[in-house]
Amino acid sequence: MPGALELSEDARGRLTELRALSEKAEAGDKEARKELRRLVRASSPEVIAEASDIARRTEWVLVKTISAGKPLMEDALQERTHQMRSEIAGENPTPLELLLTERVVAGWLLVEILEGLIAAQYQRDVKAHRVAPTYVIQQSRIVESATRRYLASIRELARVRKLQAGTPPVQVNTQVNVLRG
Amino acid sequence: MTLERRDGRLYYYRSVRDGERVRKVYVGSGEFARICSETDILRRTGRRAQRERERAELETLKGLVAPVEEFSEAAKVLVIAHLVARGHRKHKGEWRRARSA
């Protein structure tokens with residue numbers, strides 16, 4: 001389903017705006033910080049909801065890919081991601097924490113799948129014929145990059161939790177259903 | 001690789017790279033030339049199919065990575081926007097708590 005796993009043009013536009021304002025505010029522009037606060041309140045809930053939704057759909061596609069039509073495997077993986085999501089999000093997570101939780105879960109799932117697929121390819125290919133070194137290098141880069149992103153997502157969630165503790169939040173009203181399968 | 005026919009007889013040559021230059025190396029003639037030529041064609045076709053398969057498999061992997069990557073980037077932008085909006089700042093690559101907190 002092309003497009004279903006991509007952010008809408010509108011969300012991309014808002015993200016570009018948020019990024020530009022964050023950069024200005026970080027550089028000390030007070031007006032930009034005010035505008036950023038307004039924009040975070042006004043548009044980030046929708047973007048967070050959309051991104052979380054995409055994460056869920058992406059996870060579903062990843063689960064379908066690795067389970068390769070085996071219903072038991074599919075159920076087990078869905079249950080595992082559901083548990084992970086609940087454990088990582090904890091009680092009363094903020095929308096931002098929920099988004100980062102989705103990122104951790106999707107990252108974990110992706111690394112598992114990539115490693116699984118590559119292991120299966122090696123088992124098949126090494127016996128049959130020589131695997132090109134450039135191919136092995138490119139595969140390794142993909143896995144390495146996914147692993148790095150996964151670890152970064154865990155660090156980011158921990159960092160956000162640490163920074164959020166004791167600071168008054170910018171109020172956002174986003175509903176993300178944690179229990180949806 | 002060339003299979004040449006001269007005076008009704010087959011001659012087979014392989015191209016071998018020698019630095020910048022490509023040399024034509026004589027392999028054999030007659031029936032032997034024909035067998036060598038067909039073996040090379042089969043090997044080349046096999047290698048091409050293998051490269052094609054590898055390219056398709058890499059595309060599959062990239063296709064799985066792309067949505068997670070896009071979503072990750074979006075999450076990163078949102079986190080920074082929230083932190084900066086709350087007054088947090090980055091100092092030497094590390095986020096610091098807002099002074100008012």
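Helices here are DSSP runs of H or I with at least four residues, numbered from the N terminus. Please keep in mind that this is a predicted model. The points below cover the contact between the chains and two residues with a backbone angle worth a look.

**Where chain B meets chain A**
- On the chain B side, 33 residues are in contact with 49 residues of chain A.
- Two elements of chain B, helix 1 (30–85) and strand 4 (89–91), each bring at least two residues to the side that touches chain A.
- Of the elements in chain B, helix 1 gives the most to this side, with 25 residues.
- By type, the chain B residues on the side that touches chain A are 20 nonpolar, four polar and nine charged.

**Two residues with positive phi**
- As background, most residues other than glycine have a negative phi.
- In chain A, A:Ala68 is not a glycine, yet its phi is positive, near 45°.
- You will find A:Ala68 in the loop between helix 3 (44–67) and helix 4 (71–89) of chain A.
- In chain B, B:Asp7 also is not a glycine and has a positive phi of about 50°.
- B:Asp7 sits in the loop between strand 1 (2–6) and strand 2 (9–18) of chain B.

**Buried or exposed?**
- A:Ala68 counts as exposed because 9 other C-beta atoms lie within 10 Å, and the cut-off for exposed is 12 or fewer.
- B:Asp7 is exposed too, because it has 5 other C-beta atoms within 10 Å.

Note on methods. Residues are numbered from 1 along each chain as its sequence is written. Chains are lettered from A and ligands numbered from 1 in the order in which they are written. This is a predicted model: local features need pLDDT of at least 70, side-chain atom pairs count only at pLDDT 80 or more; totals for chains, interfaces and linings use all residues. A residue is buried if 20 or more other C-beta atoms lie within 10 Å of its own, exposed if 12 or fewer, and partly exposed in between; C-beta atoms are placed from the backbone. Two residues are in contact if their C-beta atoms, placed from the backbone, lie within 7 Å. Ala, Val, Leu, Ile, Met, Phe, Trp, Tyr, Cys and Pro count as nonpolar, Asp, Glu, Lys and Arg as charged, and the others, Gly among them, as polar.
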